[in-house]
Amino acid sequence: MIRTVESALHMSAPVLAAYSYCEAVTGQQARNFAYGIRLLPTPKRRAMSALYAFSRRVDDIGDGTLATEVKAARLEDTRALLTRVREGKVEEDDTDPVAVALAHAAEAFPIPLGGLDELIDGVLMDVQGETYETWDDLKVYCRCVAGAIGRLSLGVFGTEAGARGSERASEYADTLGLALQLTNILRDVREDAEGGRTYLPADDLAKFGCSAGFNGPTPPEGSDFAGLVHFEVRRARTLFAEGYRLLPMLDRRSGACVAAMAGIYRRLLDRIEREPEAVLRGRVSLPGREKAYVAVRGLSGLDTRHVTRRTLRRRT
Ligand SMILES: CC(C)=CCC/C(C)=C/CC/C(C)=C/COP(=O)(O)OP(=O)(O)O
């Protein structure tokens, strides 16, 4: 049974403590997304924090230094936990605060929990060292680790668009996830290379003379690294433009949350476009004041109105 948002506000001390734990994890670790999540009303903010804390746990298993088979086993433990959540088998006094908060959020909002299975599938691909020949191949991975997060988030945000509109909203949320993930991949080129990983499609790397990979602060000799980055930036921008069509389908504060998350990442993309080689030297980031500015713009609807008008103009 789905609880109403009002009844979700009256919650037991263990559930409140579980949400506080997830909010602390979000505040400390979601260096960019926390700015958007903070703009939501309390029940949605708590539910998004529960989703974030669960996703963080899955991601951390993938990123750690454990052996492949240990990582795979831990990911399957997480999947088993998810099954308990789905079957309503997590009690409020369970010792795992993330499970308690997620179980509560999944009762309060129509969250399509299968998206978290997809996330686990995506991180398993990563752990098993999957490589991507083409953008279509990479898209499968991005759909699992980011598109699914967009679709899960939409369950919390809700949309007033009716059944057919919901389907479209879900596609836009998925596409926005792809845009964020591709931006994230560009930003983390250096860090991933140090961990022995390149996510960018092999055929794009070949086209720009970068098949040798990246192992230092300068591009491979004779390559057109800037060309590669600009090519992927254009691809990300197209995805952002499509994904932004979600914004007018959301209520004001959910729209503000998405506009802040996407707005911060778009500014990262702007920086990367201006200085492609910066991603080989380290992680490109925005100062806190700039992220706060983007969040306030999201709340005032500035970004939403701008994008909606532009999107409509493009379509007519
Ligand atoms: C509709 C909607 C809400 C769509 C958005 C979906 C979404 C939030 C996808 C997240 C994908 C992503 C780039 C995660 C990186 O997390 P990270 O912890 O590595 O990020 P960080 O290092 O930038 O903090």
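1. Let me start with the make-up of the ligand shell: ten of its residues are nonpolar, five are polar and four are charged. Please keep in mind throughout that this is a predicted model.

2. In total, 19 residues surround the ligand. Arg31, Asn32, Arg56, Arg187 and Tyr265 are the closest of them.

3. Which helices each supply at least two residues of that shell? They are helix H4 (42–63), helix H8 (135–157), helix H9 (162–187) and helix H13 (252–274).

4. The arginine contacts deserve a look on screen. Arginine 56 places a polar side-chain atom 2.8 Å from an oxygen atom of the ligand, and for arginine 187 the distance from a polar side-chain atom to a ligand oxygen is likewise 2.8 Å. Arginine 283 also has a polar side-chain atom facing a ligand oxygen atom, at 3.3 Å. As for cover, the ligand taken alone exposes 630 Å², and the protein buries 91% of that.

5. Where does the ligand sit? You will find the ligand in the largest pocket.

6. Is cysteine 22 buried or exposed? Its relative accessible area is 0%, and buried means under 20%, so cysteine 22 counts as buried. Cysteine 22 also pairs up in space with valine 98: their C-alpha atoms are 6.4 Å apart, although 76 residues separate the two in sequence.

Terms used: Residues numbered from 1 in each chain as written. Predicted model: local features only at pLDDT ≥ 70, side-chain atom pairs only at ≥ 80, totals over all residues. Heavy atoms only, no water. Near = heavy atom within 4 Å. Polar contact = N/O pair within 3.5 Å; in protein donor to acceptor, adjacent residues only side chain to side chain. Areas by Shrake-Rupley, 256 points an atom, 1.4 Å probe, with all protein chains shown as cover. 1 Å grid on protein atoms, 1.4 Å probe; cavity = no way out; pocket = protein on both sides within 12 Å on 5 of 7 lines; lining within 4 Å. Sits in = over half its atoms within 2 Å of the grid points. Helix = DSSP H or I, 4+ residues; strand = E, 2+ residues; numbered from the N terminus. Nonpolar A, V, L, I, M, F, W, Y, C, P; charged D, E, K, R; others polar. Buried < 20%, exposed > 50% of the residue type's maximum accessible area, 1.4 Å probe, protein only.
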